[in-house]
Amino acid sequence: MPALALHDALTGLPNRMLFRDRLGDKLHSSERHSRTFAVLACDLDRFKAVNDSLGHPAGDSLLRIVAERLRASTRDGDTVARLGGDEFAIVLSGLDNPRDTAATARRIIDAMRQPFNLNGRVASVGVSIGIAVGPQEGSDPDQLFKNADIALYRAKAAGRNTYRFYEPGMDAAAVARTALELDMREAVARSEFVLFYQPVIDLATGSTTGFEALMRWQHPSRGLVGPAEFIPLAEETGQIVTLGTWALEEACREAAGWPQDFHVAVNVSALQFAQPGLELSVTSALAASGLLPERLELEITESVLMGDADNAIDCLHRLRARGVRIALDDFGTGFSSLSYLRRFPFDKIKIDRSFIREIGDGDTAAIVRAIVGLGERLGASITAEGVEDERQLAEVRREGCTEVQGFLLSEPLPAPEALNFAHVSEGRAAA
């Protein structure tokens, strides 16, 4: 068979056919010589958003760079293949210890964390990795790779940009995940999604200033499904665009009936920005509900700006010109936080909960203090997310945060209960 038929034309890597042949050879050899090897199923995170926002040529360039980084992260004698789309697979040879595989997986994840320069535009993706160890976890190539793929689903469910080893019983989890995906496609039509609202508290007065709208899934048999279980799946399947539009409309409709001094914050995903029509969705939701634009706050993460930053920032400027407030969520976890703050005048900066969790550490407290100082210079309010105990509350107040939200003050609540909380808890977090 011609060599070109066995290699991916874009990256030059072995294709699916050659990968399967080499995996079969490795399996046969390992059984003869009692040598352990590993199969890694790798799937890029957020590639679709980059491809949609920057175009297919940029997506192709990114895939070629990914191939180079995968080669650089593995050894001579290992096989790196592109199976199609943003799916890659690796066979690691001659392993003396499973920890060697884990070290390679971490090296790959670190390599993919680095920004991608695509003809002057910076993009960011991650990678999720599933690992199956041969020959004990598969007696034939198809079974072994299937088990690596099952472990990949578990890595994605764990939050992505991580790796998981295959374990017995993961098959059932994969079946359950597939069932959940099928259910989710019908859940919007069946009105199974609901919004809960977490109060945001002014630290100076203790008053509730507004609420963050958070999605929940009232599944007919599973009960209340939390976002950690279905949001990653919705992003992977593209359903997050439909869900995000629904959440925006529902939050505006609900907030229109609140007292005028309460705002509502709605999260907007990178995929929503990558698709056309976000601005129309916002203006339509405001018009249909009658909510004043200044009472709506859109929360975005830095991943929104790591695709087509110019278009995203232009869109944010147009929305802000209409009166909509813009908040930068999970601040401090991206690559270019300061450059984004220079390019767009955010109304609010929300400090990632990982900093609040470790705020008792001196270095972490200094970072929070620096973020507060930045906010003051830029005219942005600073919200501490994820406050769970009195010590954290005291620390974020000491460092100068202006707002706070977290389970210490209130968990996310149905709208009537959230409003009741706001009325009966005045002064709760005041100094």
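Me: Is asparagine 119 buried or exposed?

Reply: Buried means under 20% relative accessible area, exposed over 50%, and partly exposed in between, with a 1.4 Å probe and protein chains only. Asparagine 119 counts as exposed because its relative accessibility is 76%. This is a predicted model, where local features need pLDDT of at least 70, side-chain atom pairs count only at pLDDT 80 or more, and totals for chains, interfaces and linings use all residues. Residues are numbered from 1 along each chain as its sequence is written, and side-chain values use heavy atoms, with hydrogens and water left out.

Me: Where does asparagine 119 lie?

Reply: Helices (H or I, at least four residues) and strands (E, at least two) are DSSP runs, numbered from the N terminus. Asparagine 119 lies in the loop between strand E4 (116–118) and strand E5 (121–123).

Me: What is the phi of asparagine 119?

Reply: Most residues other than glycine have a negative phi, and most peptide bonds are trans. Asparagine 119 has a positive phi, near 55 degrees. Aspartate 330, also not a glycine, has a positive phi of about 55 degrees. Aspartate 330 sits in strand E13 (residues 325–331). With a relative accessible area of 26%, aspartate 330 is partly exposed.

Me: Which peptide bond is cis?

Reply: The bond from glycine 134 to proline 135, with omega near 5 degrees. Proline 135 falls in the loop between strand E6 (126–134) and helix H5 (141–157).

Me: How do I check a helix, say H11?

Reply: Start with length. The expected span is 1.5 Å times one less than the number of residues. For the 13 residues of H11 (residues 309–321) that gives 18 Å, and the end C-alpha atoms are 18 Å apart, so the two agree. Just after H11, glycine 323 takes a positive phi of about 110 degrees.

Me: Which residues of H11 are buried?

Reply: Ala309, Ala312, Ile313, Cys315, Leu316 and Leu319. They cover an arc of only 160 degrees around the axis, so they are on the same side of H11. The arc is that of the directions from the helix axis to the C-beta atoms. An α-helix has 3.6 residues a turn, so residues three or four places apart point the same way.

Me: What does threonine 104 touch?

Reply: Contact means heavy atoms within 4.5 Å. Leaving aside neighbours within four places in sequence, threonine 104 contacts Ser73, Thr74 and Leu92. Threonine 104 is part of helix H4 (residues 98–113). At 9% relative accessibility, threonine 104 counts as buried.

Me: Which residues does serine 269 touch?

Reply: Not counting residues up to four places away in sequence, Glu235, Ile240 and Val304. Serine 269 is in the loop between strand E11 (263–267) and helix H9 (270–274). Its relative accessible area is 14%, so serine 269 is buried.

Me: How many disulfides are there?

Reply: A disulfide is a covalent bond between the sulfur atoms of two cysteines. The rule here is a pair of cysteine sulfur atoms within 2.5 Å. By this rule the count is zero. Cysteine 42 is buried, at 4% relative accessible area. Cysteine 401 is buried too, at 6%.

Me: What radius of gyration does the protein chain have?

Reply: The radius is taken over C-alpha atoms, and the globule rule is 2.2 Å times the number of residues to the power 0.38. For 431 residues, a compact globule would be near 22 Å; the protein chain has 24 Å, which agrees. The chain holds 16 helices and 16 strands.
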